Amino acid sequence: MLRIENIHKSYPMGKSKLHALKGVSLTVNDGEFMSIMGSSGSGKSTLLNILGLLDSFDQGLYYLDNLVIQNLTETRAAFYRNKYFGFVFQSFNLISFKNAMENIALPLYYQGVSRKKRNAIALEYLERMGLREWANHLPSELSGGQKQRVAIARALVTQPKVILADEPTGALDSQTSLEVMELLKEVNREGITVIIVTHEHDISQMTNRIVRLRDGMIIEDIAVEKKDTICLT
Amino acid sequence: MGIFDIDNWKEIVYTLKSNKMRTFLTAFGVFWGIFMLVVMLGSGIGLQRGIFKNMGDFATNSAFMWTQSTSMAYSGFNKGRRWNFRNSDAEAIRSNVNGLERLAPRVQSSSTVVYNKHQGVFTIYGDYPDWNYIDPVDIVEGRYINDMDIAHKRKVAVIGRLVAEKLFEKEENPLNQFIRINGVYFRVVGIFESKKGGEQAQIEEQNIHLPFTTMQMVYNFGDIVFWFALTADPKISVAKVADDMMTLLKRRHKIHPDDNRAIGHFNVEKEFKKVSGLFNAIDILIWIVGIGTLLAGAIGISNIMLIVVKERTLELGIRRAIGATPENIITQIIFEAVVLTILAGWGGLSAGVGILNILYNATLHAKNSVLYQPMIDFKIALAALIILVITGVIAGLLPAYRAVKIKPIEALRSE
């Protein structure tokens with residue numbers, strides 16, 4: 001379970017500061033499938049990065065599984081990232097000189113899993129993604145959809161509690177976007193929390209909860225199926 | 001995970017391959033550094049060997065002593081008196097001077113030597129067996145002068161290789177033949193070759209050694225000794241022994257104790273130490289220059305790793321997003337730098353040793369060469385390798401810390 005209270009974050013922009021998050025509070029329960037929406041500059045990516053411990057925050061509280069996240073060393077942050085989170089990016093962020101299997105196995109490498117074992121696990125995930133025969137292909141030899149599926153497999157391979165996806169369909173055509181969303185939905189059905197940042201309305205409609213940001217503040221937090229507002233800030 | 005993981009090696013190969021020219025130029029800096037260090041150190045040793053070879057097996061703990069005119073009036077004698085060492089001086093020295101290892105009184109002349117129809121003018125020395133321990137020659141046939149020759153004043157001669165060539169036909173064996181020196185017949189009992197190189201050897205091999213006592217008699221030298229050669233016990237300095245000897249000789253010959261010009265002397269040990277000191281200085285200079293060159297190579301590697309790290313910012317960001325700790329990243333980059341340094345350095349080491357090997361073989365039988373059998377000590381090669389590893393680590397440190405200084409999110413945004 002993720003809980004943030006009154007998070008502030010600003011970036012120095014020359015002499016002035018860009019106030020990206022202005023006191024955001026949010027609770028994400030285990031097994032949720034939610035999306036964070038907003039136009040560019042609304043702070044939605046910043047929020048995701050803070051949740052994923054990729055970025056620090058200036059003020060506020062963050063509880064990760066009832067752990068207080070504060071003044072983490074980079075080593076500690078790396079440990080939590082590896083243990084709790086799987087990341088999916090708009091531009092896939094696969095390592096270009098590693099093949100599909102090696103890319104998926106990489107997080108396990110940093111957990112100290114032996115080469116043989118991690119490659120076997122990576123092949124299992126490739127199988128699940130329907131990409132078994134692409135195991136030895138480099139990312140440059142894969143289509144966009146295939147790359148994103150490899151990236152999702154890489155995010156899942158450490159069996160994280162939460163998948164954080166920053167515009168996962170941003171670089172894909174609508175058909176492939178649908179497939180990727182189906183995949184994420186399936187992942188969620190296995191009990192993994194999925195948080196998607198998007199600015200596409202139809203993508204967010206496929207999730208169960210939509211949090212809308214504007215100018216660094218949450219302006220709407222709704223459950224999609226019930227179509228009624230849970231709370232307003 | 002760890003050094004032996006094949007993924008580590010794959011990444012290094014990829015990094016090196018992704019810009020071959022740059023890798024090559026960088027590696028060349030280290031290659032050249034270690035190459036120069038090895039070649040220079042090896043040549044230093046070769047130069048040293050070349051110089052010492054020209055000295056043969058000359059005892060380095062030796063000194064020579066001869067008489068000169070006195071420069072001070074003493075005990076009723078005027079200054080400017082000419083005087084000589086005597087046989088009795090040798091006895092007195094042997095029984096009174098401590099720390100003396102060997103003492104070789106010598107006499108010398110130059111005479112026409114005749115055998116059948118051949119003749120030549122050669123330098124003749126009257127020697128004790130001890131002389132062959134102070135400035136040794138290689139006896140190739142027969143023997144050197146022995147104690148019996150001295151005791152019985154035998155008329156025997158030990159001749160140099162060039163003397164034998166000049167006096168005898170090729171098919172003749174000079175051993176046991178009689179040669180006429182200064183009108184007296186001597187039996188040839190030994191033939192020697194010089195241990196020195198070049199011109200020194202040419203001169204030495206034209207010498208003839210006779211028993212000291214025989215020569216004194218035959219040449220009517222009476223009991224005069226031309227000069228003394230001596231060596232000191234290994235633990236005692238020659239200077240000390242020579243000083244004691246000179247004090248004794250001055251007393252025996254009524255020479256003012258402060259008259260330093262009455263006895264001329266030459267201390268080989270002192271000269272030898274000067275030469276050794278010079279080589280030590282050359283060695284130190286070589287290390288300074290070599291390590292400087294190596295350092296320049298290391299800075300090159302560090303520089304290139306900085307660029308590589310900058311180019312790989314995104315990749316390193318991805319790695320950190322999926323769980324790589326800063327330590328992982330630092331280790332990886334230092335490891336890459338070390339591998340690059342060692343590969344290049346190993347190449348330089350091999351090339352340097354290769355060149356030294358060629359020089360070694362080329363000078364293996366050289367008689368007269370500035371460089372003689374240059375080579376490098378295994379320990380020095382090992383030291384060079386250790387220096388390389390340290391250089392690699394240092395070269396990797398700065399880029400590695402640069403890589404983890406930036407936050408993962410900034411790294412991910414760098415595309």
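Over all chains, the structure holds 28 salt bridges, a salt bridge being a side-chain nitrogen of Lys or Arg within 4 Å of a carboxyl oxygen of Asp or Glu. This is a predicted model, in which local features need pLDDT of at least 70 and side-chain atom pairs count only at pLDDT 80 or more, while totals for chains, interfaces and linings use all residues. Residues are numbered from 1 along each chain as its sequence is written, chains are lettered from A and ligands numbered from 1 in the order in which they are written, and side-chain values use heavy atoms, with hydrogens and water left out.

**A salt bridge within chain A**

- A:Arg209 and A:Glu32 form a salt bridge, with their closest N and O atoms 2.8 Å apart.
- A:Arg209 lies in strand β9 (residues 209–214) of chain A and A:Glu32 in the loop between β2 and β3 (33–37) of chain A, so the pair ties together parts that are 177 residues apart in sequence.
- Helices (H or I, at least four residues) and strands (E, at least two) are DSSP runs, numbered from the N terminus.

**The interface of chain B and chain A**

- In chain B, 29 residues are in contact with 29 residues of chain A, where contact means heavy atoms within 4.5 Å.
- The size of an interface is often given as the accessible area lost when the parts come together.
- About 2,600 Å² is buried between chain B and chain A, and carbon and sulfur atoms give 55% of this area; buried area is the accessible area (1.4 Å probe) that two parts lose on being put together, summed over both.
- The rule finds two salt bridges across this interface.
- A:Asp55 and B:Lys407 meet through their side chains in a salt bridge (3.4 Å, N to O).
- On the side of chain B that touches chain A, the elements giving two or more residues are α1, α11 (313–321), α12 (326–362) and α14 (408–413) of chain B.
- The residues of that side divide into twelve nonpolar, six polar and eleven charged; Ala, Val, Leu, Ile, Met, Phe, Trp, Tyr, Cys and Pro count as nonpolar, Asp, Glu, Lys and Arg as charged, and the others, Gly among them, as polar.

**Pockets**

- On a 1 Å grid over the protein atoms alone, a pocket is an open set of points with protein on both sides within 12 Å along at least five of seven lines, whereas a cavity is a set of points where a 1.4 Å probe fits but cannot get out; lining residues have an atom within 4 Å of a point.
- Grid points are joined across faces, edges and corners, and a volume is the space filled by probe spheres set on the points.
- The largest pocket has a volume of about 550 Å³.
- Its lining has 32 residues, and A:Ser45, A:Thr46, A:Asn49, A:Asp166 and B:Arg413 lie nearest its centre.
- α1(A) gives the most to this lining, with five residues.
- The second largest pocket holds about 480 Å³ of space.
- Its lining has 19 residues, of which B:Phe58, B:Asp135, B:Lys196, B:Gln200 and B:Glu204 are the closest to its centre.
- α7(B) gives the most to the lining of the second largest pocket, with three residues.

**Cavities**

- A search of the whole structure finds six cavities of 30 Å³ or more.
- The largest cavity has a volume of about 60 Å³.
- Among the residues that line the largest cavity are B:Thr15, B:Arg22, B:Met305 and B:Leu340.
- By class, this lining has five nonpolar, three polar and one charged residues.
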